[in-house]
Amino acid sequence: MSTDRAVSAEPLLTIDGLRVRLGGATVLNGVDTETDRGRFVGVVGPNGAGKTTLLRTVAGAIPPDAGHVAVDGQRIHGLSSKATSRLVASVPQDTTVAFEFDVRTLVEMGRNPHRSRFGRWTDADAAAVERALDRTDTHQFADRGVTTLSGGERQRVLLARALAQDAPLLLLDEPTGSLDINHQVRTLDLVSDLAAEGRTALAAIHDLDLAARYCDELLLISDGRVVAAGPPATVLTESAIRDAFDATAVVSENPVTGTVSVTALGDDEAPSGDRSDSVAPRPAGSGSDGSEP
């Protein structure tokens, strides 16, 4: 669950004026944000808004056309792949694994950024792998081939590999997408615990209720721009959801968790007249380059 956490003065993640074009289209346009250490930040928005592209750019997989990404003061796109992997660990939405590795071997790959080419396996490496298997509840799969697992089980294994990587920034693309209800909650509990321990997490989350329940902050992205940023209650307002998702929704408080709950309405369920929001979303910076549509 989201809690107030002490953070250092310097942000762990800085995104400044990020602009990305793919296939001739502008996917991200002037994205600016800063994230402190020990925060769990959810990236929300409609399909095609640029959430996955943002994560892949932060991970160094996509070079920006303008702007930069810095993690712990280092610009990601000027680093080697190995140096980037010591700063950023990613859990992709696609859980496909091309080769028939056993689970333990796959998780052990998370230690590669910390080892030289001919470096010996250390007690610290072994401890990191065991800790990752335990925390993701995947120790039971350790000797199985990863291709024999279900999609949800593979997703937990990929999370274990990312944890073994021991990077200060963890990126997750729809981390609950293929999980059952039990493991959705356990996975987000784990990510929240990691943030409480000082790691920073940036996750694209489809389920707005789960995002509001677990994240310290949200970035609402629409048409490649951050249109609102801040605590979930200030971002997930009815007007913001209407503008970003082109959907009518009722925003209320979950009586059990006390967090924001979003109920989407169909055309025949929409209330008559305009509803006013109790808290308006805080606009986020959109950068100086507004030339692209």
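**Figure 1. Ser 222 and the residues it touches.** Leaving out residues up to four places away in sequence, Ser 222 touches Ala 49, Val 227 and Ala 244. This is a predicted model, so keep that in mind for every view here. Ser 222 sits in strand 9. Is Ser 222 buried or exposed? With a relative accessible area of 10%, Ser 222 is buried, because the cut-off for that label is under 20%.

**Figure 2. Strand 9 next to strand 3, and the sheet they belong to.** Strand 3 (residues 40-44) and strand 9 (residues 217-222) run parallel, pairing over four bridges. Look for Val 41, which stands opposite Glu 217 of strand 9.

**Figure 3. Where helix 4 meets helix 5.** In general, a pair of packed helices is described by the angle between the axes and the distance between them. For helix 4 and helix 5, the angle is about 140° and the axes are 8 Å apart. The crossing of these two helices is right-handed. On the helix 4 side, the contact is made by Ala 128, Val 129, Ala 132 and Arg 135. Helix 5 brings Ala 160, Leu 163 and Ala 164. Sorted by class, the contact between helix 4 and helix 5 has six nonpolar residues, one charged and no polar ones.

Figure 4. His 114 is found in the loop between helix 3 (103-108) and helix 4. What does His 114 contact once neighbours within four places in sequence are set aside? The partners are Arg 86, Gln 165 and Asp 166. Lys 82 is 32 residues away from His 114 along the chain, with 8.2 Å between the two C-alpha atoms. His 114 counts as partly exposed, at 34% relative accessibility.

**Figure 5. Two aspartates with positive phi.** Asp 137 has a positive phi of about 60°, although it is not a glycine. Asp 137 lies in the loop between helix 4 (123-135) and helix 5 (151-165). The other one to check is Asp 246, again not a glycine, with a positive phi near 55°. Asp 246 has its place in the loop between helix 9 (238-245) and strand 11 (248-253). How exposed are they? Asp 137 is partly exposed, with a relative accessible area of 27%, whereas Asp 246 counts as exposed at 72%, because that value is over 50%.

**Figure 6. Stepping back to the whole protein.** The secondary structure comes to nine helices and 12 strands. Of the 293 residues, 46% are buried. Take the contacts between residues at least 6 apart in sequence: 69% of them join residues at least 24 apart. The protein exposes about 13,900 Å², and carbon and sulfur atoms supply 47% of that area.

How values were computed:
Residues numbered from 1 in each chain as written. Predicted model: local features only at pLDDT ≥ 70, side-chain atom pairs only at ≥ 80, totals over all residues. Heavy atoms only, no water. Buried < 20%, exposed > 50% of the residue type's maximum accessible area, 1.4 Å probe, protein only. Pairing = 2+ DSSP bridges. Axes fitted to C-alpha atoms, helices over the stretch in contact; angles between N-to-C directions. Left-handed = near helix turned anticlockwise from the far one by under 90°. Contact = heavy atoms within 4.5 Å. Nonpolar A, V, L, I, M, F, W, Y, C, P; charged D, E, K, R; others polar. Areas by Shrake-Rupley, 256 points an atom, 1.4 Å probe, with all protein chains shown as cover.
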